[in-house]
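Open the model in your viewer and keep the selection panel at hand.

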Amino acid sequence: MSTSSASRSKPLWRVLYEGAEITVTTWHVEVDGLRIAIPELRGMTRCLTYRYPMVKVAAVTAGLELAIAAPFAVAYGSALMVCAGLVSACGVAFGVIGDAQRNPRYQEIHAVIRGQRVVLYGTRDHQQFGFVWRALIRAVEANRDLYPYD
């Protein structure tokens, strides 16, 4: 019995994900008018980009406000200073949380195609990104039997 890749048949063709920007089938990925065969995809990785570093700066600022308010409150024996520091820090913290929810991270799928690293897909939509990522994984797994050692 031969186990060469020439004796194995292609997986059954079906569409795993179809969207406006990308279509994933068990045989190929179609993106920007290009059709890329699934066996040509190597080293697929998810890349998460945090585009809003000000969230981290605001969180550090809130911590500093609490650190500065506490010694003054102890030195002057004033509960009012503690309350002012807490209110200020909470205001910044709520701003950080609100900003993080309104401005989600950007996600990309990178792959190596014919020796060159390219971005296959990118979006801010977490749900859509998950659908595309799972479709690509299913397509690669369906082709694993055809090219088991690649």
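Select T23 first. Leaving out residues up to four places away in sequence, T23 touches V15, Y17, E18, H28, V29 and E30; contact means heavy atoms within 4.5 Å. This is a predicted model: local features need pLDDT of at least 70, side-chain atom pairs count only at pLDDT 80 or more, and totals for chains, interfaces and linings use all residues. Residues are numbered from 1 along each chain as its sequence is written, and side-chain values use heavy atoms, without hydrogens and water.

T23 sits in strand 2; strands are DSSP runs of E, at least two residues, and helices are runs of H or I, at least four, numbered from the N terminus. T23 counts as buried because its relative accessibility is 17%, and buried means under 20% relative accessible area with a 1.4 Å probe, protein chains only.

Strands 5 and 6 pair over 7 bridges. Pick C47: its bridge partner in strand 6 is E108.

Now colour the largest nonpolar core, 21 residues. Such a core is a set of buried Ala, Val, Leu, Ile, Met, Phe, Trp, Tyr and Cys residues joined through side-chain atoms within 4.5 Å. Helix 3 gives the most to this core, with 6 residues.

Finish on L41. Beyond its neighbours within four places in sequence, L41 contacts V29, I36, A111, V112, I113, L120 and L136.

Terms used:
Buried < 20%, exposed > 50% of the residue type's maximum accessible area, 1.4 Å probe, protein only. Pairing = 2+ DSSP bridges.
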